[in-house]
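Good morning, and thank you for joining this group meeting. Please turn to the sequence and the structure as they come up on the screen.

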Amino acid sequence: MNRVGAWLQNYGVVVAFVLLLLIAAVFKGETFLTAVNIRNIVNQNAAVGIIAVGMTLVIMTSGIDLSVGSALALAAAVGIKLLNSQIDSGANQATAVALALAAILATGTAIGALNGVLITFGRVAPFIATLGGLVAFRSLTKVVAEGGQITAKGDVFDGLGHLGIPIPGTQMPNGQPVEVTWGIVLFAVVALAIGFLVRRTAFGRHVVAVGANERAAVYSGINPRAVRLRVYTLMGLCVGLAAIVQGMRFNSVASQQTGVFYELYAIAAVVIGGTRLSGGKGRVWGTVVGVMILAVITNLLILMNVPSEWQDFVQGVIILIAVLIQRGQSDRT
C-alpha cells in the first residue's frame, strides 16, 4: 500500500467528516452553521457517544454488545423509580437524586458484569448473550415503568439535566448565551479516559492482544477471561453514565422507546471510526468522529425535511458501506 493509501486508511474518516461539513455548509449553511444547532447535534448524541466509546473496547476484543439500548432504559427506569419512591416517602430531594444516580450507575455496571460473566465463564457467544439481554432488559424496563413512561418527580433531577457552561459571544433566540451541557462534557471526559486507557496502559495493550490473537495472548501471560470481564463491566459503566445523561435530558423514561436502536448507532459509529469488527485494532478518536458523522447526517436530513423512515434507511446504507470498505481494507492487508 502506498503512502496516500495508508494515510487515507488511517484518516479517511476525518476527510469524510470534513467533506460532510462542507456539504452541510453549502446546502444548509444558514441553519446548520449556528452555535445552537451545533450544540444541539452534540448534546442529542452525547448518550449514544458514551456508549459507542465503551463499545469500541468491546469490539476490539472481537466481541459485541447488543443489549446496550435496553440496558440504558432499564438503568434509567430503576433510578427514576427509586427517586420517585424516595420523594413520596418525604426524603430530601438532593438525597433522593444522589441515590437515584448511584442506582443508575450500579444497574448499568451490574448488567455489564453479568454480560461479561455469561460470555467469559458461561462460554456463551457475545452475540447470543447480549441478544438475550436486549430482549430481557427491555422487558424488565416495561415491568419497572408499568408498560408506559415513568417521569421523575421533583425539580432537582430535571434541573441538573439542564445545567451548562455558557459559551462567550454566542446567543440563543431568547437572548441567553448558548451553553455546553454537562452531557457533552461527560462525553468528552469518557472519550479521553477510554482513549488514554487504550493507548497508554497495559490493560489497553491486553485488550488489543486478546482481540488480535487470543492464543498468542495466553502464551504472553494474559488472562483473556479477566480482560473480557473487565471490558464488559466497563461497557456497563458507560451504559450507566449514558443512562444518567439520557434520563436527565428527558426527565423520564419511555419503556417502549428509550434507547431503541442505540446498539445499532454505537456499533455503526465504531465501524465508521475504523475499529476492526474482527477485533485487535481500534481507535477511540475514530469512534467519536463516527458518532459525529452519523449525527451530522441525521441533522442534515432533518433540516432537509427528509421523512424519519428514510433517515433510518440512509443510516443503514452508510453502515453497510462502512463495513464493505473495512472488509476491502482487511483483504488488502
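This is a predicted model: local features need pLDDT of at least 70, side-chain atom pairs count only at pLDDT 80 or more; totals for chains, interfaces and linings use all residues.

I begin with R228, which is buried, its relative accessible area being 14%. By buried I mean under 20% relative accessible area, by exposed over 50%, and by partly exposed anything in between, computed with a 1.4 Å probe on protein chains only. Residues are numbered from 1 along each chain as its sequence is written, and side-chain values use heavy atoms, with hydrogens and water left out.

What does the side chain of R228 meet? It meets the side chain of E214 in a salt bridge, with N to O at 3.0 Å. The term salt bridge stands here for a side-chain nitrogen of Lys or Arg within 4 Å of a carboxyl oxygen of Asp or Glu. This pair links distant parts of the chain, since R228 sits in helix α11 (residues 224–250) and E214 in helix α10 (residues 214–219), 14 residues apart. Helices (H or I, at least four residues) and strands (E, at least two) are DSSP runs, numbered from the N terminus. E214 itself is partly exposed, at 36% relative accessibility.

How many salt bridges does the structure hold? It holds three. In another of them, K153 pairs with D88, and their closest N and O atoms are 2.9 Å apart. K153 lies in the loop between β1 and α7 (156–161), while D88 belongs to helix α4, so this bridge ties together parts that are 65 residues apart in sequence. K153 is partly exposed, with a relative accessible area of 36%, whereas D88 is exposed, at 53%.

Helix α4 (residues 68–88) also takes part in the bridge between K81 and E146, whose side chains meet at 3.7 Å, N to O. K81 lies in α4 and E146 in the loop between α6 (126–144) and β1 (149–151), so here too the pair ties together parts that are 65 residues apart in sequence. K81 is partly exposed, with a relative accessible area of 36%, and E146 is exposed, at 66%.

In general, most residues other than glycine have a negative phi. N251 also has a positive phi, near 60°, and is likewise a residue other than glycine.

Where does N251 lie? N251 is in the loop between α11 and β4 (252–254). At 11% relative accessibility, N251 is buried. Leaving aside residues up to four places away in sequence, N251 touches I80, T151, A152, F157 and D158, where contact means heavy atoms within 4.5 Å.

I turn now to a pair of helices. The axes of helix α3 (residues 46–60) and helix α8 (residues 182–200) come within 8 Å and cross at roughly 15°. Axes are lines fitted to C-alpha atoms, for helices over the stretch in contact, and angles run from 0 to 180 degrees between N-to-C directions. The two helices are therefore roughly parallel to each other, a description used for angles under 35 degrees.

Which residues make this contact? On α3 they are A46, G49, I50, V53, L57 and M60, and on α8 they are G183, I184, L186, F187, V190, A191, I194 and V198. These residues divide into twelve nonpolar, two polar and no charged. In this scheme Ala, Val, Leu, Ile, Met, Phe, Trp, Tyr, Cys and Pro count as nonpolar, Asp, Glu, Lys and Arg as charged, and the others, Gly among them, as polar.

Nine of its eleven residues are buried, so α12 is largely enclosed by the rest of the structure. The buried residues include Y262, E263, A266 and I267. After α12 comes G274, with a positive phi near 105°.

G90 is exposed, with a relative accessible area of 60%. From C-alpha to C-alpha, G90 and G164 are 29 Å apart in space, and they are 74 residues apart in sequence.

Notes: Angles under 35 degrees count as roughly parallel, over 145 as roughly antiparallel, 65 to 115 as roughly perpendicular and the rest as oblique.
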